[in-house]
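Okay, thanks everyone, let me put this one up on the screen. I'll talk through a bit of strand pairing and then the salt bridges.

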Amino acid sequence: MNIVRWDPFRELEGIQGRLIRLVGERPYLGLEGEEPAFASWTPSVDVQETEKEYVIKADLPEVKNEDVNVEFDNGVLTVEGERKLEKEEKGKTFHRIERGYGKFVRRFALPTEIDGTRIAAEFKEGVLNVHLPKSPNGKRAIAVKVA
(Lines give C-alpha, C1' and ligand atoms only; values in the text may rest on other atoms or scores of the structure.)
Protein backbone atom coordinates (compact mmCIF):
# COMPACT_ATOMS: atom_id res chain seq x y z
CA MET A 1 0.00 0.00 0.00
CA ASN A 2 1.42 3.38 -1.06
CA ILE A 3 0.87 6.47 1.02
CA VAL A 4 0.30 9.62 -1.03
CA ARG A 5 1.04 12.91 0.62
CA TRP A 6 -1.57 15.62 0.01
CA ASP A 7 -0.12 18.67 -1.75
CA PRO A 8 -2.44 21.72 -1.79
CA PHE A 9 -0.40 23.37 -4.55
CA ARG A 10 -0.91 20.39 -6.84
CA GLU A 11 -4.65 20.69 -6.18
CA LEU A 12 -4.54 24.42 -7.07
CA GLU A 13 -2.66 23.64 -10.29
CA GLY A 14 -5.36 21.13 -11.21
CA ILE A 15 -8.12 23.66 -10.56
CA GLN A 16 -6.25 26.29 -12.58
CA GLY A 17 -5.82 23.87 -15.48
CA ARG A 18 -9.54 23.05 -15.50
CA LEU A 19 -10.46 26.77 -15.43
CA ILE A 20 -8.11 27.51 -18.33
CA ARG A 21 -9.65 24.71 -20.36
CA LEU A 22 -13.14 25.95 -19.46
CA VAL A 23 -12.59 29.55 -20.65
CA GLY A 24 -9.74 28.85 -23.06
CA GLU A 25 -11.80 29.41 -26.18
CA ARG A 26 -12.71 33.04 -25.36
CA PRO A 27 -10.58 34.17 -22.41
CA TYR A 28 -11.06 37.92 -22.80
CA LEU A 29 -14.65 38.25 -23.93
CA GLY A 30 -17.88 38.01 -22.02
CA LEU A 31 -21.14 36.72 -23.39
CA GLU A 32 -21.91 36.98 -27.07
CA GLY A 33 -22.14 40.63 -28.12
CA GLU A 34 -20.67 42.04 -24.92
CA GLU A 35 -17.71 44.39 -24.94
CA PRO A 36 -14.56 43.22 -23.15
CA ALA A 37 -14.36 44.19 -19.48
CA PHE A 38 -12.35 47.21 -18.31
CA ALA A 39 -8.63 46.49 -18.03
CA SER A 40 -9.05 43.13 -19.71
CA TRP A 41 -5.43 43.21 -20.85
CA THR A 42 -2.22 44.80 -19.69
CA PRO A 43 0.55 45.89 -22.04
CA SER A 44 4.09 44.71 -21.30
CA VAL A 45 6.36 47.46 -19.97
CA ASP A 46 10.11 47.94 -19.49
CA VAL A 47 11.45 50.55 -17.06
CA GLN A 48 15.03 51.66 -17.66
CA GLU A 49 17.27 54.08 -15.81
CA THR A 50 20.28 56.01 -17.08
CA GLU A 51 22.30 58.75 -15.42
CA LYS A 52 20.07 61.42 -16.96
CA GLU A 53 16.57 59.88 -17.12
CA TYR A 54 14.12 57.06 -16.63
CA VAL A 55 12.57 55.56 -19.76
CA ILE A 56 9.33 53.61 -19.76
CA LYS A 57 8.65 51.52 -22.87
CA ALA A 58 5.21 50.00 -23.37
CA ASP A 59 4.28 47.54 -26.11
CA LEU A 60 1.01 48.74 -27.64
CA PRO A 61 0.58 46.86 -30.93
CA GLU A 62 -2.44 47.86 -33.00
CA VAL A 63 -3.26 50.75 -30.65
CA LYS A 64 -3.77 54.10 -32.34
CA ASN A 65 -1.97 57.21 -31.13
CA GLU A 66 -5.25 58.95 -30.36
CA ASP A 67 -6.32 56.02 -28.14
CA VAL A 68 -3.36 56.49 -25.74
CA ASN A 69 -3.22 59.01 -22.89
CA VAL A 70 -0.14 59.73 -20.75
CA GLU A 71 -0.37 61.88 -17.61
CA PHE A 72 2.05 62.80 -14.81
CA ASP A 73 0.57 64.01 -11.54
CA ASN A 74 2.01 64.10 -8.01
CA GLY A 75 4.86 61.72 -8.83
CA VAL A 76 2.64 59.14 -10.56
CA LEU A 77 2.85 58.43 -14.30
CA THR A 78 -0.40 57.05 -15.74
CA VAL A 79 -0.53 55.38 -19.15
CA GLU A 80 -4.02 54.46 -20.30
CA GLY A 81 -5.70 53.63 -23.54
CA GLU A 82 -7.66 51.09 -25.48
CA ARG A 83 -7.05 48.44 -28.11
CA LYS A 84 -10.28 47.97 -30.00
CA LEU A 85 -11.56 44.61 -31.09
CA GLU A 86 -11.88 44.21 -34.82
CA LYS A 87 -15.54 43.70 -35.68
CA GLU A 88 -16.61 40.73 -37.73
CA GLU A 89 -17.35 41.72 -41.29
CA LYS A 90 -19.22 39.92 -44.02
CA GLY A 91 -17.03 37.13 -45.37
CA LYS A 92 -14.74 37.20 -42.31
CA THR A 93 -15.23 34.86 -39.37
CA PHE A 94 -13.09 34.66 -36.22
CA HIS A 95 -12.48 31.11 -35.05
CA ARG A 96 -10.26 32.04 -32.10
CA ILE A 97 -9.54 35.29 -30.27
CA GLU A 98 -6.66 35.07 -27.81
CA ARG A 99 -5.09 38.53 -27.88
CA GLY A 100 -6.30 40.96 -25.26
CA TYR A 101 -8.55 43.85 -26.22
CA GLY A 102 -10.22 46.65 -24.36
CA LYS A 103 -9.14 49.40 -22.02
CA PHE A 104 -5.95 49.32 -19.99
CA VAL A 105 -4.36 51.44 -17.26
CA ARG A 106 -0.79 51.26 -15.95
CA ARG A 107 0.44 53.51 -13.13
CA PHE A 108 4.03 54.01 -12.00
CA ALA A 109 5.09 55.73 -8.77
CA LEU A 110 8.23 57.65 -9.66
CA PRO A 111 11.07 58.99 -7.54
CA THR A 112 10.91 62.62 -6.49
CA GLU A 113 13.93 63.42 -8.62
CA ILE A 114 11.82 63.61 -11.83
CA ASP A 115 11.65 66.96 -13.64
CA GLY A 116 7.94 66.98 -14.50
CA THR A 117 8.28 69.98 -16.84
CA ARG A 118 10.54 68.12 -19.31
CA ILE A 119 8.71 64.79 -19.67
CA ALA A 120 8.37 63.69 -23.29
CA ALA A 121 6.52 60.79 -24.92
CA GLU A 122 6.76 59.33 -28.41
CA PHE A 123 4.70 56.61 -30.03
CA LYS A 124 6.31 54.76 -32.92
CA GLU A 125 5.74 51.33 -34.48
CA GLY A 126 3.50 50.14 -31.65
CA VAL A 127 5.91 51.12 -28.85
CA LEU A 128 5.27 54.02 -26.47
CA ASN A 129 8.46 55.58 -25.07
CA VAL A 130 8.08 57.97 -22.13
CA HIS A 131 11.24 59.89 -21.19
CA LEU A 132 11.34 61.14 -17.61
CA PRO A 133 14.40 63.38 -17.09
CA LYS A 134 15.99 63.44 -13.67
CA SER A 135 16.07 66.73 -11.84
CA PRO A 136 19.52 67.87 -10.70
CA ASN A 137 17.88 69.23 -7.52
CA GLY A 138 16.17 65.94 -6.73
CA LYS A 139 19.17 64.05 -5.36
CA ARG A 140 20.88 65.15 -2.23
CA ALA A 141 23.29 63.45 0.08
CA ILE A 142 22.25 63.02 3.67
CA ALA A 143 24.93 62.79 6.35
CA VAL A 144 24.39 60.01 8.86
CA LYS A 145 25.77 60.60 12.32
CA VAL A 146 26.95 57.59 14.25
CA ALA A 147 26.32 57.86 18.00
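So, β6 and strand β7, which covers residues 127–133, run antiparallel and are joined by five bridges. Strands here are DSSP runs of E, at least two residues, numbered from the N terminus, and two strands pair if DSSP finds at least two bridges between them. Alanine 121 sits opposite valine 130 in β7.

Quick caveats: this is a predicted model, where local features need pLDDT of at least 70, side-chain atom pairs count only at pLDDT 80 or more, and totals for chains, interfaces and linings use all residues. Residues are numbered from 1 along each chain as its sequence is written, and side-chain values use heavy atoms, with hydrogens and water left out.

Zooming out, we have an open sheet of four strands, ordered β1-β2-β7-β6, with antiparallel pairing. β1 (45–49) and β6 (120–124) are the edge strands, each pairing on one side only.

Now, salt bridges, meaning a side-chain nitrogen of Lys or Arg within 4 Å of a carboxyl oxygen of Asp or Glu. The count is four. In one of them, lysine 134 meets glutamate 113, with the closest N and O atoms 3.9 Å apart. That links distant parts of the chain, 21 residues apart: lysine 134 is in the segment after β7, glutamate 113 in the loop between β5 and β6. Buried or exposed, these two? Both lysine 134 and glutamate 113 are buried, where buried is under 20% relative accessible area, exposed over 50% and partly exposed in between, with a 1.4 Å probe and protein chains only. And Glu49 joins Glu113 and Lys134 in a salt-bridge network.
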